[in-house]
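Dear colleague,

Please find the structure below, followed by an account of what was found in it.

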Amino acid sequence: MSEAAHHEEHPTGISRWLFTTNHKDIGTLYLWFAFIMAVIGGLMSLVIRSELWAPGLQMVDPHFFNQMTTVHALIMIFGFVMPAFVGLANWQIPMMIGAPDMALPRMNNWSFWILPFAGSLLLLSFLAPGGGPSAGWTIYPPLSVQGGAGMDFTILAIHMLGISSILGSINIIATILNMRAPGMKLMKMPLFVWSWLITAFLLIAAIPVLAGAVTMLLTDRHFGTHFFDAAGGGDPVMFQHVFWFFGHPEVYILVLPAFGVFSQIIPTFARKPLFGYTSMVFATATIAFLSFIVWAHHMYTVGMPLSGELFFMYATMLIAVPTGVKVFNWISTMWRGAMTFETPMLWAIAGVFTFTLGGLSGLMLSITPADFQYHDTYFVVAHFHYVIVGGSVFALFGAVFYWLPKWTGNMYDETLGKWHFWLTFIGFHVTFFPQHFLGLAGMPRRIPDYALQFAEFNVISSIGAFATIAVQLIFFYLAFKAMRGGEKATDQVWEGAEGLEWTVASPAPYHTFATPPQVR
């Protein structure tokens, strides 16, 4: 083969990354993008916590504070957590099911490269006349109908992020359903693969609903329609219905892949097969189904009929059942296992524990008369950070430490990994646990100023936030160090995972989890 032909087949430098159709390269791009967005979103959270350090207005003006709360949430959800899990899916799913690559590799490249443009557009909204979006991440009208051009930038960015998610989901479904190795039956698939198959269907069902909501918002803003304008015969509450019909499944889009990660890590370090594999699959599917019929528990306070409140209250409580099944199964997997506590296992256990706490506060919020007290207070902020950070982000950290030796061929520094875990875990709880008390005492969300009695818990929360963000420097150092070199990962990095339901025959490094499985 001529040198030119060889070069064409294996592009290097920038063209390797721009035009790649390799699932590992695209997975890496997703993870890098998520990493950059996490840094930006994290810095925005520090702007918010700086302002809330003390009562009164000190750091930023209220309009900019509202922009920070809005864009922080949008970036963390659409720019960090979702792309990070899609990156894990790209890396792991083909290897876990024995496929050579994703089913639609060129579409895979496209679905990634939409993201940097969408993220840039969202950040550029700050430079638009009138500043960035300041209606909260839920962009409720009438606030979102009145904003400047920054809101239009945001609507377009949401559309682009949604297109990327839908393309990625189609690809994941096509890959899992069509490209499994011989003998890899659906009920033999690793649970990470199952969780992503179900999540991908959720995305395809939910994202177009959000697209419809923001399109109607756009026409209300510029084309004289009155979908959400009461004066023109519209209804602002209709936006909330349409938004939350997307918004509640979205919570599970963020959390189900995390459940898949926990289900990979816990059996490895308990040295036992996962307890209740079949019930785990059905519990995941049940959670996904129920997530579509509970949307209005976010809007108890709009004045819905009592029968509506009762239905949404009981349906919401019902989600606790399949979720409880999963937690029970993880605990049962660990029960009497030969457990060791390497960094990924610490993240998985902490993730299950913290997510369960968030689930319990969610159960409190599901009770209609109680929600009238909690609604739009810091209790809700504490609840969803326990669920999303405690569930999804802890799972992401666990997944990175678990699979980093597979990705890089090098082992990370275990001692530093444990330091990073404990400091982040403590910092997280110092940040968000006091917010439960603030909310129960009546402090509203999304305000830059507050009454004097809330000062003490806010100081504690802000200290925790700064400490947590600072500790991530250890993570950056660890990840870069492993990428650059270090102790080589062997094919038995995590010993004793042979007790799982499939064995793996491959000389490749770190074979225990990520190479084509050969079913017993």
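Is Arg16 buried, partly exposed or exposed? Arg16 is partly exposed, with a relative accessible area of 34%; buried means under 20% relative accessible area, exposed over 50% and partly exposed in between, with a 1.4 Å probe and protein chains only.

This is a predicted model, in which local features need pLDDT of at least 70 and side-chain atom pairs count only at pLDDT 80 or more, while totals for chains, interfaces and linings use all residues. Residues are numbered from 1 along each chain as its sequence is written, and side-chain values use heavy atoms, with hydrogens and water left out.

The structure holds five salt bridges (a side-chain nitrogen of Lys or Arg within 4 Å of a carboxyl oxygen of Asp or Glu). In one of them, Arg16 pairs with Asp25, the closest N and O atoms being 2.7 Å apart. Asp25 is buried, at 10% relative accessible area.

Another salt bridge joins Asp376 and Arg445, with 3.5 Å between the closest N and O atoms. These two residues lie 69 residues apart and link distant parts of the chain. Asp376 is partly exposed at 38%, whereas Arg445 is buried at 16%.

Glu414 and Lys418 also form a salt bridge (3.3 Å, N to O). They are four residues apart in helix α16, and therefore separated by about one helical turn; helices are DSSP runs of H or I, at least four residues, numbered from the N terminus.

Finally, Thr284 is found in helix α10 (residues 277-290) and is buried, with a relative accessible area of 3%.
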